Structure formats: structure tokens, C-alpha cells
Amino acid sequence: RDNSGPLSDEEVLAARVVDRTVRPWLLMGLASSESGTSQQLPDNIVISCEVQSYDPRPACNVEGGQSVWRTHADPTVLAVNSAIAALYQSASSGSSSPFPIPSKAAACVKLAIQRDGTSIIDPTPKELQECKFELLYAGTRDRSLMLEFSANGVPPKNEDSNGLSSM
């Protein structure tokens, strides 16, 4: 992308995922700070995530029909995890942070459930097209910050005369 023109739908949705994950995570830091709840997030926090290079194909070495290793990462997942890592780095670098960083680490992962019920962590775009369900989860060890779920091939809902939906 040459950074001209409006953002694509995919880029807008990725930005929303980053915002919907980082904002409540930062608010957790404010809630756990010693200064109480009177503190607010500054208005000038800017997080800029830019993909420099991306190859959607997984790199794998096949020996005897089995994949020995696999490398792939969804750009949205990378953006969330990079933004959180950058905020941790800025807080631990000794510079005065305008807001408290939460003590609980947060992370993001994408999962796919195949039609046969097997799950794949960090699926490739091809695997996402063939999966039954897709889940993007972001959170701490004990708290969900953001969930995004989609189902492929689910028939549309039909409403009966009472307005109730059925599959």
C-alpha cells in the first residue's frame, strides 16, 4: 500500500481491534494505580501500526508428510501485541509515562476451528477460508479485553411469526 487514498475495510477493522484491546488494558492500569480513579487517559495517545512486509504463506519444512516447523502471524494480531509491547517498553525505559501501565500482561491470538473439529492457532488465510469458526481473542491471564468471532457457512437465521430466530 502506498499510503494514498482511504483505508481499506480490513485496515479499519484492524485499527478497531487494536483500539478495543489497548484502551481497556490501559484503563486497567489507571484503576490499579495509587492515585485512584480520578485520573483519565491523556487525549494525545497515538498508536501507529504499519506493516512493512507480509507474506501470508506459511513457511514449513515437510519431512515424511509432517510439518517440522511453521511460521505465520496475522497482521492484526502482530499489531495488537506490538502496541502492547511498545507501551511496556516506553514505561520501563525510565521515561515518565503520562499514565500507569497495567501490571498484567495482555496478548492477542487468532484461532480457527476446522470442519472436523481440530483447532489451529495462528491460521493462514487459506486455512481461515476453509474453517468453520474463527476467533480473535485478546486479554490478560484472567480477563478478556476483546473477542471477535465469525462463522463460515452458517445458514442465515429464519424468523417465525413470533419474531423468534431459528436455525
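The model is predicted, so local features need pLDDT of at least 70 and side-chain atom pairs count only at pLDDT 80 or more, while totals for chains, interfaces and linings use all residues. Residues are numbered from 1 along each chain as its sequence is written, and side-chain values use heavy atoms, with hydrogens and water left out.

**Stop 1: the sheet**

Select strands β3, β4, β5 and β6. Strands here are DSSP runs of E with at least two residues, and helices are runs of H or I with at least four, both numbered from the N terminus. Two strands pair if DSSP finds at least two bridges between them. The four strands form an open sheet in the order β4-β3-β5-β6, with antiparallel pairing. At the edges are β4 (119–121) and β6, each of which pairs on one side only. On average, neighbouring strands of this sheet are turned by 20° against each other, direction ignored; the axes are lines fitted to C-alpha atoms, and angles run from 0 to 180 degrees between N-to-C directions.

**Stop 2: β3 beside β5**

Select residues 107–113, which make up β3. Seven bridges join β3 to β5, and the two run antiparallel. Which residue of β5 is the bridge partner of Cys 108? The partner is Ala 138. Next, select Val 109, which stands opposite Tyr 137 in β5.

**Stop 3**

Leu 136 has Glu 148 in β6 as its bridge partner.

**Stop 4: two rings**

Select Phe 133 and Phe 149. Rings of Phe, Tyr and Trp (its six-membered ring) pair if their centres lie within 6.5 Å; planes under 30 degrees apart count as stacked, over 60 as edge-to-face and the rest as tilted. By this rule there is one aromatic pair. Why is the pair of Phe 133 and Phe 149 stacked? Their ring centres are 5.5 Å apart and their planes are at 25°, so the pair counts as stacked. Phe 133 lies in β5 (residues 133–139) and Phe 149 in β6 (residues 144–151), so the pair ties together parts 16 residues apart in sequence.

Now show the surface. Buried means under 20% relative accessible area, exposed over 50%, and partly exposed in between (1.4 Å probe, protein chains only). Phe 133 is partly exposed at 25%, whereas Phe 149 is exposed at 57%.

**Stop 5: a helix residue**

Select Leu 78 in helix α2 (residues 75–92). Leu 78 is partly exposed, at 42% relative accessibility. Its C-alpha atom is 8.0 Å from that of Cys 108, 30 residues apart along the chain.
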